[in-house]
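Q: Please take a close look at one chain of this model. Cover its overall build, how its parts pack and what it touches, then step across to its partner.

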Amino acid sequence: MAHSEPRFHVPAPHVRPGDTPDFSHIDIPPAGEAKRPDTAVPGMETRDLALGLVRVLDHNHQAVGEWDPKLDAGVLREGLRHMVLTRVYDDRMLKLQRQGKMSFYMKSTGEEAVAVAGAMAMSKDDMVFPSYRQQGILFARGRDIVDMMCHCISNSRDNLKGRQLPVHYTWAEGKFFSISGNLATQLPQAVGYAMACEYRGDGEIAATWIGDGSTAEGDFHGALVLASTYRAPVIVNVVNNQWAISTFQGIAAGDAPTFAYKGMGYGLASLRIDGNDFLAVYAATQWAAERARAGHGTTVIEHFTYRADAHSTSDDPSGYRPKGENAIWPLGDPIERLKQHLIGLGEWDEERHAALEKELNELVIASYKEAESHGTLHDGPLSPVESIFEDVYAEPDWRLRRQRQDLGV
Amino acid sequence: MAKMNMIQALNSALDNMMERDPDVISFGEDAGYFGGVFRVTANLQTKYGLDRSFDAPINEAAIMGMAIGMAAKGLKPVAEIQFSDYIFPGLDQIVSEMSRIRYRTAGAFTTPVVVRTPCGGGIRGGQTHSMSPEAFFTQVPGVQVVMPSNPYDAKGLLIAAIESPDPVIFFEPKRLYNGPFDGHSGGALSSWANHPKGEVPEDHYSLPIGKAEVVREGSAVTIVAYGTLVLVAQAAAEKAGVDAEVIDLKTLVPYDIETIARSVNKTGRCIVAQEAPRTSGFAAELAAQIQEECFYALEAPIQRVTGWDTPYPHAHEWSYFPGPDRFINAMNTVLEA
């Protein structure tokens with residue numbers, strides 16, 4: 001029989017299924033309040049930023065304070081377009097997965113700003129080591145949608161020859177590293193890559209993304225040790241979307257006040273920002289990139305956001321969190337907020353937005369049609385079967401040659 | 001030609017490669033300023049600078065991950081894991097990442113890291129400084145696994161490993177670092193200076209990965225060994241007066257089945273040897289493959305000479321170590337059959 005009081009501390013979320021969604025315990029400081037220090041500031045002097053919350057868009061959707069990146073309306077519209085495309089693509093891919101067109105899918109709903117604004121604030125020559133929920137980077141960097149879909153349905157045009165689960169993209173031309181299903185492994189890799197950038201002296205930097213849950217992995221801490229020791233030009237993005245599958249962020253956070261604050265233990269510049277605020281993500285990334293390029297080392301950015309949908313197509317959130325949380329998330333929806341900001345500037349309107357959604361929906365539908373013309377997972381054509389034995393090594397050795405013969409291909 | 005022990009030969013390989021190729025860099029725990037606890041990376045920092053030979057924090061996973069990231073950018077990292085017993089925190093990075101980057105990116109990215117790591121017992125290292133974990137890595141598609149048995153091979157194979165387009169786990173049998181070892185624990189330490197494989201060119205040369213060598217010709221029985229046991233097997237054959245053919249495997253992945261099969265088809269008898277525990281060791285793979293290739297030539301069951309299925313003990317080290325007597329017993333068994 002369960003004890004009424006646990007004999008040791010196990011953190012639990014404030015509400016569970018059946019409860020009324022409630023985020024009243026989350027302290028949201030006003031937008032525009034956070035100071036923006038010089039990018040050369042010693043890491044330890046960012047303590048207030050690691051504990052606070054950098055916000056630019058206020059409740060009236062106006063850009064306020066020192067962190068306002070003061071972007072042209074054209075850049076904002078571009079960001080909006082990438083975010084809407086990400087959402088439309090995700091929604092369509094979910095439907096297609098439910099129709100059995102692919103084995104698996106992971107949406108990024110609610111987190112579009114983290115990936116899109118982050119990518120846009122960096123140079124396209126900078127290397128990214130994403131986690132599995134940053135497909136927005138691919139849109140921001142202009143990857144062909146048909147190619148992305150061909151990967152997800154593992155057909156003959158899949159650039160990964162059908163070897164990876166859907167959404168585990170690689171795009172070398174877009175400086176987008178291979179996504180691993182093993183969590184946090186990309187963290188020390190990104191640091192090593194960034195060190196190699198300095199070694200080459202080519203001005204390139206690296207960025208990586210990790211979820212709140214995965215910060216518990218040793219690779220996160222090992223990477224921060226390396227980043228601190230070698231002062232690597234890398235941006236470590238912690239996407240705190242509150243949920244690691246069914247596990248709330250408190251299980252990884254422990255008694256740490258914020259995920260950004262973990263960077264303080266390594267003396268790294270650390271920012272906690274509103275991850276649903278396109279302008280805040282853009283500004284923080286721009287700050288961190290400038291700091292890295294100037295030789296001042298690594299920045300840890302905690303993107304405070306909310307995973308608005310299931311972890312993956314294999315997950316059902318109704319088993320562990322109340323329905324309707326998404327609707328009352330205190331930091332709103334990133335697309336809606338940027339849209340309202342643009343409307344407030346007189347640079348956008350509902351008609352244009354509806355037209356954009358329609359255009360991108362049609363684009364995604366047409367793209368899928370084209371993708372399927374290169375084959376489907378169930379009916380093919382797939383990559384040739386003999387490709388199983390390719391790329392294990394630069395050249396197959398006798399074992400692989402014989403095993404290919406054994407398979408009869 | 002210079003006389004070198006295995007430490008000097010490995011150092012010479014790193015020196016040659018760092019001189020030739022600015023993309024080659026070396027790092028590990030104590031491997032920078034101090035030159036490594038076994039001195040394999042000695043003087044490299046002085047000669048090539050802090051950013052080419054440096055100390056790493058004590059985090060094997062981070063060391064492996066850092067090396068992978070560097071390799072993805074085109075550098076040729078040679079990362080030292082201080083003892084192969086310590087490699088396990090880095091296993092996820094090796095097994096799930098380094099080995100598969102070429103495959104899972106369909107060749108768009110490659111991460112040809114060289115992981116150097118001292119292995120094996122016979123140095124009073126106890127259970128945490130004596131392991132031979134090579135078999136774990138032979139289960140990992142995408143990495144090559146190498147273990148030399150002498151200074152000449154060590155240098156040529158390390159250079160080949162650094163020049164390889166694929167990752168290499170490079171095991172250095174530390175019992176052989178300072179001299180050849182015949183398995184007789186009580187005797188005086190002999191010197192590589194008196195051994196033909198202690199003659200090592202100072203200039204660059206490489207030996208092919210995947211190629212074994214018949215180091216003692218014979219017709220009565222084939223002994224397949226690698227690392228320290230190559231020397232022990234040779235000494236045992238001498239002591240027993242058996243006309244044994246000894247094969248130094250050198251590379252475990254991909255292993256040289258041609259050389260093995262040619263020998264076993266000739267002798268009709270075979271012993272496979274490893275210092276690691278017996279169950280699921282690399283000798284088991286060799287025995288399985290040899291019986292597939294040579295079943296009708298075999299006149300006796302294949303014998304294994306291995307460590308016990310126990311951790312490596314400290315006080316009873318020499319009762320664990322597969323020494324000459326265990327080889328002689330195995331030879332008697334296969335020759336009697």
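A: The radius of gyration is taken here over C-alpha atoms, and the globule rule is 2.2 Å times the number of residues to the power 0.38. For the 337 residues of chain B, that rule puts a compact globule near 20 Å; chain B has 19 Å, so the two agree. Keep in mind that this is a predicted model.

Start with the overall build. Along its principal axes, the C-alpha atoms of chain B fill a box of roughly 60 × 45 × 40 Å. Chain B holds twelve helices and 14 strands. Of its 337 residues, 59% count as buried.

Now one packed pair inside chain B. A helix pair is described by the angle between the axes and the distance between them. Helix α8(B), residues 228-240, packs on helix α12(B), residues 324-336, at an angle of about 60°. Their axes are 9 Å apart. The crossing of α8(B) and α12(B) is right-handed. From α8(B) come Val232(B), Ala233(B), Ala235(B), Ala236(B), Lys239(B) and Ala240(B). They meet Pro324(B), Phe327(B), Ile328(B) and Met331(B) of α12(B). By class, this contact has nine nonpolar residues, one charged residue and no polar ones.

Next, the side that touches chain A. The contact takes 34 residues from chain B and 37 from chain A. On chain B, α3 (60-72), α4 (91-98) and α5 (101-104) each supply at least two residues. The largest share, nine residues, comes from α3(B). By class, this side of chain B divides into 18 nonpolar, nine polar and seven charged residues.

Step across to chain A. Five of its strands form an open sheet, in the order β1-β2-β3-β7-β6, with parallel pairing. Strands β1(A), 127-129, and β6(A), 269-274, stand at the edges with a single partner strand each, so one side of each has no neighbour in the sheet. From one strand to the next, the twist averages 20°. Within this sheet, β3(A), residues 234-240, pairs with β7(A), residues 299-304, over six bridges. There, Ile235(A) stands opposite Thr299(A).

Helix α6(A), residues 186-200, lies across β1, β2 and β3 of chain A. It runs at about 170° to β2(A). Thr208(A) sits in that strand, β2(A). A residue is buried if 20 or more other C-beta atoms lie within 10 Å of its own. Thr208(A) has 29 such neighbours, so it counts as buried. Among the residues it touches are Gln186(A), Leu187(A) and Ala190(A), along with Val234(A), Val236(A) and Asn237(A). Phe129(A) is also one of them. Phe176(A) is 32 residues from Thr208(A) in sequence and 10 Å away in space, C-alpha to C-alpha.

Just after α11(A), Gly346(A) takes a positive phi of about 75°.

Methods:
Residues numbered from 1 in each chain as written. Chains lettered and ligands numbered in written order. Predicted model: local features only at pLDDT ≥ 70, side-chain atom pairs only at ≥ 80, totals over all residues. Axes fitted to C-alpha atoms, helices over the stretch in contact; angles between N-to-C directions. Helix = DSSP H or I, 4+ residues; strand = E, 2+ residues; numbered from the N terminus. Left-handed = near helix turned anticlockwise from the far one by under 90°. Contact = placed C-beta atoms within 7 Å. Nonpolar A, V, L, I, M, F, W, Y, C, P; charged D, E, K, R; others polar. Pairing = 2+ DSSP bridges. Buried ≥ 20, exposed ≤ 12 C-beta atoms within 10 Å, placed from the backbone. Lists of a residue's contacts leave out its neighbours within four places in sequence.
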